[in-house]
Amino acid sequence: MKNRDLKQQRKAFFFLFLSCILLVALDQWTKYLAVLYLKEKNPIIIIKGVFELSYLENRGAAFGLFQNHRYIFLCTTIIIMAGVLYVYWKIPKNKHFLPLQFIGIGVFSGAIGNMIDRLLHGYVVDFFYFSLIDFPVFNVADVYVTVSVAFLVVFLIFFYKEEEFSFLSR
């Protein structure tokens with residue numbers, strides 16, 4: 001790897017590291033507030049019949065699936081994080097692929113945020129609840145992952161071409 005490329009890689013990974021610290025800190029802070037103000041208390045109604053803050057200890061995956069499989073989630077999270085780091089390392093460091101870098105930051109930060117909960121508590125703290133559509137309770141880390149994956153799908157369908165991903169096979 002050329003010296004210039006190595007500098008770009010270092011800069012990109014520093015940005016990844018700093019961004020993840022900030023995003024994970026925000027996620028953990030909101031979960032701390034949820035425990036402090038919502039645990040064992042009535043939900044806080046933001047918009048009656050639409051949205052509320054309601055404490056939930058989720059011992060499963062998204063939408064409460066696969067309850068009490070903590071070690072499977074931890075292993076899966078580590079594999080996902082390794083995959084994100086691999087792709088992040090391989091992505092060309094130019095403006096064209098900048099959206100993929102941001103998507104990687106979102107997925108990685110969300111994975112770390114929920115993994116911290118699983119390691120410390122054995123469950124993930126969830127607290128956002130859209131009662132209007134009875135959507136499963138979720139948290140900030142879930143938002144990072146969901147929004148990032150949604151953007152990934154949109155970019156893969158409408159922006160990037162298959163041949164642009166040859167960098168993954170190098």
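In which sense do strand 2 and strand 3 pair, and over how many bridges? Strand 2 (residues 51-58) and strand 3 pair in the antiparallel sense, over six bridges. Two strands count as paired if DSSP finds at least two bridges between them. Glu52 has Tyr129 in strand 3 as its bridge partner. Strand 3 covers residues 124-130, and six of its seven residues are buried. Buried means under 20% relative accessible area, exposed means over 50%, and partly exposed lies in between (1.4 Å probe, protein chains only).

This is a predicted model, in which local features need pLDDT of at least 70 and side-chain atom pairs count only at pLDDT 80 or more, while totals for chains, interfaces and linings use all residues. Residues are numbered from 1 along each chain as its sequence is written, and side-chain values use heavy atoms, without hydrogens and water.

**Overall layout**

The protein has four helices and three strands. Their order along the sequence is α-β-β-α-α-β-α. Helices (H or I, at least four residues) and strands (E, at least two) are DSSP runs, numbered from the N terminus. The C-alpha trace spans about 60 × 35 × 25 Å along its principal axes. Of the 170 residues, 37% count as buried. Among contacts with a separation of 6 or more, 69% join residues 24 or more positions apart. Contact means heavy atoms within 4.5 Å.

**Helix packing**

| Helix pair | Angle | Axes apart |
|---|---|---|
| Helix 3 (residues 98-121) and helix 4 (residues 140-158) | about 150 degrees | 8 Å |
| Helix 1 (residues 3-38) and helix 3 | about 45 degrees | 9 Å |

Axes are lines fitted to C-alpha atoms, for helices over the stretch in contact, and angles run from 0 to 180 degrees between N-to-C directions. Helix 1 is therefore oblique to helix 3. Helix 3 and helix 4 are therefore roughly antiparallel. Angles under 35 degrees count as roughly parallel, over 145 as roughly antiparallel, 65 to 115 as roughly perpendicular, and the rest as oblique.

Helix 1 and helix 3 cross in the right-handed sense. Their contact includes Phe15, Leu16 and Asp27 of helix 1, and Phe102, Ile105 and Asp117 of helix 3. By class, this contact has eleven nonpolar, six polar and three charged residues.

The crossing of helix 3 and helix 4 is left-handed. Residues that meet there include Leu100, Ile103 and Gly106 in helix 3, and Tyr144, Val145 and Phe151 in helix 4. The contact of helix 3 with helix 4 has twelve nonpolar, six polar and one charged residues. Ala, Val, Leu, Ile, Met, Phe, Trp, Tyr, Cys and Pro count as nonpolar, Asp, Glu, Lys and Arg as charged, and the others, Gly among them, as polar.

Technical notes. A crossing is left-handed if the near helix is turned anticlockwise from the far one by less than a right angle, and right-handed if clockwise.
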